[in-house]
Amino acid sequence: RPGRRLDRLSPRELDVLALMAEGLGNTAIAERLVVTEGAVHKHIRNIFAKLGLAPSDRTDRRVAAVLQYLERGAP
């Protein structure tokens, strides 16, 4: 269930995912959260791992993560 997997995310990872859902790219996310782009990349890698989104030619992991977030009923 998407909601249960989202419970695995840290508060900062949820912040990053929420900004991804707003359509922001990594640079804009980093600026908004006042962190480095490297930190954003790390958070996104963790999000993908915790949501069980392995690399695939068939699915864009970023879109799949945002869809799970939105399906949960994002605040």
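Is Arg12 buried, partly exposed or exposed, and what is its relative accessibility? At 31% relative accessibility, Arg12 counts as partly exposed, where buried stands for under 20% relative accessible area, exposed for over 50%, and partly exposed for the range in between (1.4 Å probe, protein chains only). The views below show a predicted model, in which local features need pLDDT of at least 70 and side-chain atom pairs count only at pLDDT 80 or more, while totals for chains, interfaces and linings use all residues. Residues are numbered from 1 along each chain as its sequence is written, and side-chain values use heavy atoms, with hydrogens and water left out.

**View 1. Confidence along the model.** The mean pLDDT of the protein is 92, and 92% of its residues reach 70 or more, pLDDT being the predictor's confidence in each residue, from 0 to 100. Where pLDDT is low, the predicted coordinates should not be read in detail.

**View 2. The buried face of helix H2.** In helix H2 (residues 11-21), the buried residues are Glu13, Val16, Leu17, Leu19 and Met20. Seen down the axis of H2, these residues fall within an arc of 160°, so they line one face of the helix; the arc is that of the directions from the helix axis to the C-beta atoms. H2 is followed by Gly23, which has a positive phi, near 95°.

View 3. The structure holds 3 salt bridges, each defined as a side-chain nitrogen of Lys or Arg within 4 Å of a carboxyl oxygen of Asp or Glu. One of them joins the side chains of Asp15 and Arg12 (3.9 Å, N to O), residues that lie 3 apart in helix H2 and are thus separated by about one helical turn. Asp15 is partly exposed, with a relative accessible area of 37%. Glu13 forms a salt bridge with Lys50, with the closest N and O atoms 2.9 Å apart; Glu13 lies in helix H2 and Lys50 in helix H4 (residues 37-50), so the pair ties together parts that are 37 residues apart in sequence. Glu13 is buried, at a relative accessible area of 4%, whereas Lys50 is partly exposed at 27% relative accessibility.

View 4. Glu22 is exposed, with a relative accessible area of 53%. Asn26, also placed in helix H3, is buried at a relative accessible area of 16%, and its side chain makes a polar contact with the side chain of Arg62 (2.9 Å).

**View 5. Leu6 and Gln68.** Leu6 lies in helix H1 and counts as buried at 1% relative accessibility. The C-alpha atoms of Leu6 and Gln68 are separated by 7.9 Å, although the two residues are 62 apart along the chain.

Conventions:
Helix = DSSP H or I, 4+ residues; strand = E, 2+ residues; numbered from the N terminus. Polar contact = N/O pair within 3.5 Å; in protein donor to acceptor, adjacent residues only side chain to side chain.
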